[in-house]
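Trainee: I'd like to go through some labels on this one and see what backs each of them up. Can we take them one at a time?

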Amino acid sequence: MRERVAIVGVGYTSFRPLSPEVSFREMVFEAACRAYADAGLEPDRVGTFVAVSEDYLEGTSIFDEYVPDQLGAVLKPVQTICQDGITAIASAYLQLATGLFEVALVEGHAKASNVLYPAHIEAFAMDPVFVRPLGLNPRFVAGLEMRSFLAQTGNTEEQVALVVAKNKANALKNPLAAYPALVTAEDVLASRPVATPVKELDIAPFADGAVVLILARESVARTLKSQPVYIRGIGWMQDTPNLDQRDWSQASYAELAGRMAYRQAGIRDPKEEICFAEVDDTFSYKELQHIEALGLARCGEAGVLLSEGYFLPDGPLPVNVSGGSLGNGYLYDASGLRSVLEVVLQLRGQAGERQLPDVRVGLAQSWRGIPTASGGVIILSNE
Amino acid sequence: MMKPQNARGVPLKDEDLKVGKVLTTEWRVKADYAWDCGIAIGRYFDGLKEGKILATRCRRCRRTVVPPRIFCEWCFKPMDEWVEVRDTGRVNTFSVSYFSWDMTPLEKPEVPAVVEIDGCSPGVGFMHLLGEVGDNLDEILRRVKVGMKVRAVWKPADQRTGAITDILYFKPEEE
């Protein structure tokens with residue numbers, strides 16, 4: 001049987017709207033130092049490094065060359081992938097599972113505040129021939145998708161607004177979060193329309209921050225002082241880039257990535273077997289869409305369950321107890337790593353004031369943002 | 001003998017694109033950034049504004065580095081102290097470039113060089129330009145040698161902005 005892989009160290013900065021006091025290198029250094037200390041490892045024990053970055057968000061082409069110094073990775077095998085954070089974990093996981101390395105490090109960060117015209121960068125991700133010439137603000141994609149999702153599933157705009165209220169309130173108990181607040185569904189519904197039915201408060205605001213995770217094969221994990229959290233399953237999936245050919249109502253990428261991860265973890269009924277989940281909520285409706293795609297609620301039921309308190313921290317299946325991206329801030333491709341961080345802290349019993357009782361199996365799911373239909377799913381367990 | 005049809009294609013002319021005989025789409029991206037300098041580079045730039053080159057030192061690795069950083073990438077510990085180093089050094093390597101960064105041909109070539117700064121560890125220094133070394137390749141190659149001693153030529157104090165360009169260039173220095 002293949003040796004298991006565990007997350008043995010987590011490091012992070014707080015997440016904040018601006019971070020002029022540190023360069024991206026200094027921010028990542030802080031997160032990396034914490035991860036090494038948490039794992040009880042020196043950098044020379046790490047055999048392979050995987051980072052996520054996107055040149056257009058860093059403002060440097062071939063940004064991957066700028067990765068090693070602040071991770072202790074000078075003259076080490078380093079790979080930077082242009083995908084979301086959970087896909088980076090999948091890459092590190094595979095490198096360990098092959099037996100080639102014993103310890104791996106995964107890094108993701110965002111200096112979103114340094115990107116002066118983020119809408120222009122998002123627009124640049126659109127198809128240059130068919131979509132860009134229409135001159136639309138890229139958030140129209142979320143508007144199209146939310147309307148289709150509501151129409152096809154019967155979930156309502158009011159229920160979607162409750163996601164924002166829940167996640168921002170959850171973030172009040174998360175000292176790392178950038179945007180905790182008490183807002184009501186009415187506040188969300190009354191906020192400025194951006195691309196209807198998406199309104200201003202439905203959108204996770206940008207944040208700066210860094211997350212570093214250290215992974216190890218079980219034989220090494222058992223020798224370390226930190227409590228290992230095992231990767232039970234991991235999946236990643238990519239849908240078509242063509243806006244006119246995708247299924248607008250369903251998050252097919254999340255459904256299929258979830259199935260891939262569930263199969264590895266031996267999970268047959270996610271609703272019963274997953275204790276809590278951190279799912280992508282870059283836009284509030286995405287949380288409900290992802291919950292249904294992952295089989296954590298039946299199609300069309302997520303909104304009703306939410307309004308009955310099912311996904312609250314004291315409900316049967318807490319979702320985004322960390323505050324999600326709506327409460328913590330959107331960290332671009334590091335957002336998935338922030339979700340994994342929360343699952344690890346909860347499974348170790350280190351989530352402080354927001355600690356969930358008796359959790360054994362947690363799920364984290366990521367989406368790569370507009371205009372993509374891709375993302376990853378990871379199942380973690382403390383057993 | 002009959003010439004075979006279509007044996008050679010018709011070359012595309014710039015004009016064909018301009019008049020729309022061949023269709024393309026165009027897009028200009030507004031990719032503008034404001035990078036946070038943070039602790040190390042922020043203080044480095046403050047130093048340059050005052051006409052000083054500041055470095056950081058790691059006592060474990062016995063290493064003094066410029067541009068400074070707050071951590072040592074060798075031992076991965078925070079740096080121990082800030083030190084001011086001299087504005088002189090030696091040419092580690094250089095090139096003579098006839099094109100500017102955007103490929104505009106230059107009448108007078110530029111001389112990019114890595115300058116090892118005096119007071120830093122061997123091999124440590126930064127990228128800059130050499131000046132007062134001649135106007136053409138022959139002159140430059142006669143004057144500039146690897147290992148040659150150089151000194152910074154600074155902008156006047158009231159024109160410095162806290163940037164790497166506060167040093168205009170490095171010029172040859174008598175041994």
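Trainee: Which residues in α6(A) meet which residues in α11(A)?

Mentor: A:Q159, A:V160, A:V163, A:V164, A:K166 and A:N167 in α6(A) meet A:S284, A:Y285, A:E287 and A:L288 in α11(A), contact being heavy atoms within 4.5 Å. Bear in mind that this is a predicted model, where local features need pLDDT of at least 70, side-chain atom pairs count only at pLDDT 80 or more, and totals for chains, interfaces and linings use all residues. Residues are numbered from 1 along each chain as written, chains are lettered from A and ligands numbered from 1 in written order, and side-chain values use heavy atoms, without hydrogens and water.

Trainee: What makes α6(A) roughly perpendicular to α11(A)?

Mentor: Helix α6 (residues 157-171) of chain A and helix α11 (residues 284-293) of chain A pack at about 100°, and 65 to 115 degrees counts as roughly perpendicular, so α6(A) gets that label relative to α11(A).

Trainee: Why is A:Q95 called buried?

Mentor: Its relative accessible area is 17%, and buried means under 20% (exposed is over 50%, partly exposed in between, with a 1.4 Å probe and protein chains only), so A:Q95 is buried.

Trainee: And what makes the pairing of the A:Q95 and A:T48 side chains a polar contact?

Mentor: They're joined at 2.6 Å, and a polar contact is a pair of N or O atoms within 3.5 Å, one able to donate a hydrogen and the other to accept it.

Trainee: Why is B:C61 called partly exposed?

Mentor: B:C61 comes out at 23%, so partly exposed it is.

Notes: Axes are lines fitted to C-alpha atoms, for helices over the stretch in contact, and angles run from 0 to 180 degrees between N-to-C directions. Helices (H or I, at least four residues) and strands (E, at least two) are DSSP runs, numbered from the N terminus. Angles under 35 degrees count as roughly parallel, over 145 as roughly antiparallel, 65 to 115 as roughly perpendicular and the rest as oblique.
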